[in-house]
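Let's take a guided walk through a protein model, one stop at a time. Keep the picture beside you and look up each residue as we meet it.

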Amino acid sequence: MQLYNYFRSSASFRVRIVLQIKGLPYDYIPVHLVKGEHQAPAYASRIGDALVPTLVTDDGAALSQSMAIIEYLEETHPTPALLPATPLARAHVRALAQMVACEIHPINNLRVLKYLVRELKVDEGAKNAWYHHWVRSGLEAFERQLALLAQERETQGLPPSVLCWGDTPTLADCCLVPQIFNGQRFNVDLGGLPLTMGAFDACMALPAFQKAQPSACPDHEA
């Protein structure tokens, strides 16, 4: 397989984590978003949205959108599983993942921030305030959801979660960790989120997350 991605892209980071968790080999192909390499005809002609990541399968099919790529990898390589065994638990994990992938990330990614500055003429301070507000409020909601799920687990007689759900990485953890990395890069206040940051710290103690992080990528820039 080939993964076209950018080391700072949180969507790309999600897929790298999954590939590492599942032990799947792939060719790393960098696409520099800041330099506009994703808009080059050779790349853009393969994917309708001309974004990253793109996974090219062993059969040559090009897959876009990180969540769809992850679901494909989960279905084709189900072990180790990224979703729990029961339908209810799977729904909880998917909801946590979507809080990041559908609520926090879309309004704070690179092209949105560029639009704020270039087209709407927002200054750097206002752009950062936008980012901080939406990331912080989104993570506060994530924290509240983790607290509710902790109560549910206790009611069901389940042990407390080490990660987002249970003690093995799930789809939710694969989405949370890249968002925290981006929040740290933009100096978002991450205090007062004990369950969220506890899950993050537990993830980062695992080799799969360490190997997938931006600093481990061949195109990493300081």
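In which helix do Trp-130 and Trp-134 both lie, and how many residues apart are they? They belong to helix 6 (residues 124–155) and are four residues apart, which is about one turn of the helix. Helices here are DSSP runs of H or I with at least four residues, strands are runs of E with at least two, and both are numbered from the N terminus.

A word on what you are looking at: this is a predicted model, in which local features need pLDDT of at least 70 and side-chain atom pairs count only at pLDDT 80 or more, while totals for chains, interfaces and linings use all residues. Residues are numbered from 1 along each chain as its sequence is written, and side-chain values use heavy atoms, with hydrogens and water left out.

Back to our two tryptophans. The structure holds six aromatic pairs. The ring centres of Trp-130 and Trp-134 are 6.2 Å apart and their planes meet at 65°, so this pair is edge-to-face. To count as a pair, rings of Phe, Tyr and Trp (its six-membered ring) need centres within 6.5 Å; planes under 30 degrees apart are called stacked, over 60 edge-to-face, and the rest tilted. Trp-130 is partly exposed because its relative accessibility is 32%, and Trp-134 is partly exposed at 35%. The scale works like this: buried means under 20% relative accessible area, exposed means over 50%, and partly exposed lies in between (1.4 Å probe, protein chains only).

Another edge-to-face pair is formed by Phe-181 and Phe-200, because their ring centres are 5.8 Å apart and their planes are at 65°. Phe-181 lies in helix 7 and Phe-200 in helix 8 (residues 194–204), so this pair ties together parts that are 19 residues apart in sequence. Both Phe-181 and Phe-200 are buried, and together with Phe-13 they form one aromatic cluster.

Rings can meet charges too. The charged end of Arg-153 sits over the ring of Trp-165, 4.6 Å from the ring centre. The rule asks for NZ of Lys or CZ of Arg within 6 Å of the ring centre and within 35 degrees of the ring normal.

Trp-165 also leads us to our next stop. Thr-170, in the loop between helix 6 and helix 7, touches Trp-165 as well as Leu-82 and Val-93, not counting residues up to four places away in sequence. Touching, or contact, means heavy atoms within 4.5 Å. Thr-170 and Val-93 are 77 residues apart along the chain, yet their C-alpha atoms are separated by 7.1 Å. With a relative accessibility of 4%, Thr-170 counts as buried.

Now turn to helix 3 (residues 66–76), where Ser-66, Ile-69, Ile-70, Leu-73 and Glu-74 are buried. Why do these residues line one face of the helix? Seen down the axis of helix 3, they fall within an arc of 135°, so they line one face; the arc is that of the directions from the helix axis to the C-beta atoms. These buried residues pack against helix 1 (10–21), strand 3 (54–56), strand 4 (62–64) and helix 7.

Let's finish with the cysteines. The structure holds zero disulfides, a disulfide being a pair of cysteine sulfur atoms within 2.5 Å. For Cys-175, the nearest cysteine sulfur is that of Cys-174, 6.8 Å away. Cys-175 is buried, with a relative accessible area of 1%. For Cys-217, the nearest cysteine sulfur is again that of Cys-174, 15 Å away. Cys-217 counts as buried at 8% relative accessibility.
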